[in-house]
Amino acid sequence: MDENEKIVKKYKLLRHKIIIHYHRGCKYLNIAKVITAIAFLIFTAVGISVSHRTGNLMTWLLWWVIVIILDCVVFIITDYCKYLMKTKVIPYLENDDLLDFGEYDLFIENDEDEDEEEEEEQ
């Protein structure tokens with residue numbers, strides 16, 4: 001086996017593994033969202049019952065808002081990463097005809113949006 005065949009074999013193996021792990025990660029993310037939602041509902045029920053017994057409503061409300069904000073931040077970040085992988089990396093890996101990252105470059109912003117903004121400014 002020559003050097004090029006080895007590189008092709010490694011690339012195909014890595015591509016296959018990345019795609020499989022991406023799909024598995026999406027399943028884990030969805031499971032984590034469901035578990036977090038259930039835990040949040042349980043936390044809410046416990047908070048309501050304890051706060052009515054003790055009369056300490058503001059402490060539980062504060063913790064409730066903090067948990068909401070943390071959940072939103074974590075899942076917004078993970079959903080954005082999932083979106084980038086789904087729209088930019090996975091299509092590039094699945095299409096063997098693309099030799100250059102080109103339009104799928106993660107770090108290039110959409111030029112159409114910038115052109116529209118420049119036209120609006122003028």
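This text goes through a predicted model of a protein chain, from its overall make-up to single residues.

The protein chain has 122 residues. Its secondary structure consists of three helices and zero strands. Read from the N terminus on, the order of elements is α-α-α. Of the residues in the chain, 12% count as buried. Contacts between residues at least 6 apart in sequence can be sorted by how far along the chain they reach, and 55% of them join residues at least 24 apart.

The pair of helices to look at is α1 and α2. Helix α1 covers residues 3-54, and helix α2 covers residues 57-94. Their axes come within 11 Å of each other and cross at roughly 165°. Angles over 145 degrees count as roughly antiparallel, and α1 and α2 are therefore roughly antiparallel to each other. The crossing of the two helices is left-handed. What kinds of residues make up the contact of α1 with α2? They divide into 21 nonpolar, six polar and seven charged residues.

Ser51 is found in helix α1. Is Ser51 buried or exposed? Its relative accessible area is 5%, so Ser51 is buried, the limit for that class being under 20%. The side chain of Ser51 reaches the backbone oxygen of Ile48 at a distance of 3.1 Å. With neighbours within four places in sequence left aside, Ser51 is in contact with Asn56, Leu57 and Trp60.

Ile48, whose backbone oxygen the side chain of Ser51 reaches, also lies in helix α1. Ile48 has a relative accessibility of 46% and so counts as partly exposed, a class that runs between 20% and 50%. Trp60, one of the residues in contact with Ser51, can be related to Ile48 as well: the C-alpha atoms of Ile48 and Trp60 are separated by 7.8 Å, and the two residues are twelve apart along the chain.

Is Arg15 buried or exposed? With a relative accessible area of 16%, Arg15 is buried. Which residues does Arg15 touch, not counting those up to four places away in sequence? They are Leu93 and Asp96. Arg15 can also be placed relative to Glu94: from C-alpha to C-alpha, Arg15 and Glu94 are 8.1 Å apart in space, while in sequence they are 79 residues apart. Glu94 is the residue at which the range of helix α2, 57-94, ends.

Terms used
Residues numbered from 1 in each chain as written. Predicted model: local features only at pLDDT ≥ 70, side-chain atom pairs only at ≥ 80, totals over all residues. Heavy atoms only, no water. Axes fitted to C-alpha atoms, helices over the stretch in contact; angles between N-to-C directions. Helix = DSSP H or I, 4+ residues; strand = E, 2+ residues; numbered from the N terminus. Parallel < 35°, antiparallel > 145°, perpendicular 65-115°, else oblique. Left-handed = near helix turned anticlockwise from the far one by under 90°. Nonpolar A, V, L, I, M, F, W, Y, C, P; charged D, E, K, R; others polar. Buried < 20%, exposed > 50% of the residue type's maximum accessible area, 1.4 Å probe, protein only. Polar contact = N/O pair within 3.5 Å; in protein donor to acceptor, adjacent residues only side chain to side chain. Contact = heavy atoms within 4.5 Å.
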